[in-house]
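Morning, everyone. Please look at the screen while I talk.

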Amino acid sequence: MKADNNCLFCDFVSGKWKKHKNEFAFEKLYETELTLSFLSIDFPSPKRVHVLVIPKKHFVNLQDCPKKVLHELIEHVVLVSKALRLENDGTNILLNDGRGAEQTVMHTHFHLVPRNKRDGIEIELWKRVNISQKTYSNLNKKVKKLIKNAKKTK
Ligand SMILES: [Zn+2]
């Protein structure tokens, strides 16, 4: 896919933009042939970083990425997570896939946030609701059907 003309991440990759929106210098943390990582300027706490891992080419959603890109993305995510785990007890690995999931930059990207117990970061804000066993069973059927249908579309 061609680079999007209005994509900040594509501009980072090409070197057209050298600064984040707040004027902080854009720095590559690590790169492979097809992927790149850098620090987000959205810090979850003063002591915690927030790393983004992206494909170098412009893909809006994860499902748009070819297998080779997906493979490198996951390996890159694992490497960064491993690095963060050298000084932390865990990592939240998130990907907001689509506008309905709060994706704001339409160039697919993984978020990695190193975590420790009682660090005050509230990623887990959603409240768990109780559902019946019948609803649970119906939802299982529904999602299985969706997966079956998704496999048919390429
Ligand atoms: Zn892009």
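How confident is the prediction? The mean pLDDT of the protein is 90. Of its residues, 96% reach 70 or more. Confidence is highest in strand β3, residues 51-55, at 97. Helix α3, residues 133-152, has the lowest, at a mean of 90.

Now the sheet. In general, strands of a sheet pair through backbone hydrogen bonds, either parallel or antiparallel. Which sense do we have here? The pairing is antiparallel. The sheet is open and has five strands. Read across it, and the order is β1-β2-β3-β5-β4. So who stands at the edges? Those are β1, residues 28-31, and β4, residues 90-94. Each has a single partner strand, so one side of each is left without a neighbour in the sheet. Neighbouring strands are also turned against each other, by 20 degrees on average, direction ignored.

Last stop, Asp-42. Where is it? Asp-42 sits in the loop between β2 and β3. Is Asp-42 buried or exposed? Count the other C-beta atoms within 10 Å: there are 11. A residue is exposed at 12 or fewer, so Asp-42 is exposed. Now compare Asp-42 with Val-143. They are 101 residues apart in sequence. In space, C-alpha to C-alpha, they are 33 Å apart.

Methods: Residues numbered from 1 in each chain as written. Predicted model: local features only at pLDDT ≥ 70, side-chain atom pairs only at ≥ 80, totals over all residues. Pairing = 2+ DSSP bridges. Helix = DSSP H or I, 4+ residues; strand = E, 2+ residues; numbered from the N terminus. Axes fitted to C-alpha atoms, helices over the stretch in contact; angles between N-to-C directions. pLDDT = per-residue confidence, 0-100. Buried ≥ 20, exposed ≤ 12 C-beta atoms within 10 Å, placed from the backbone.
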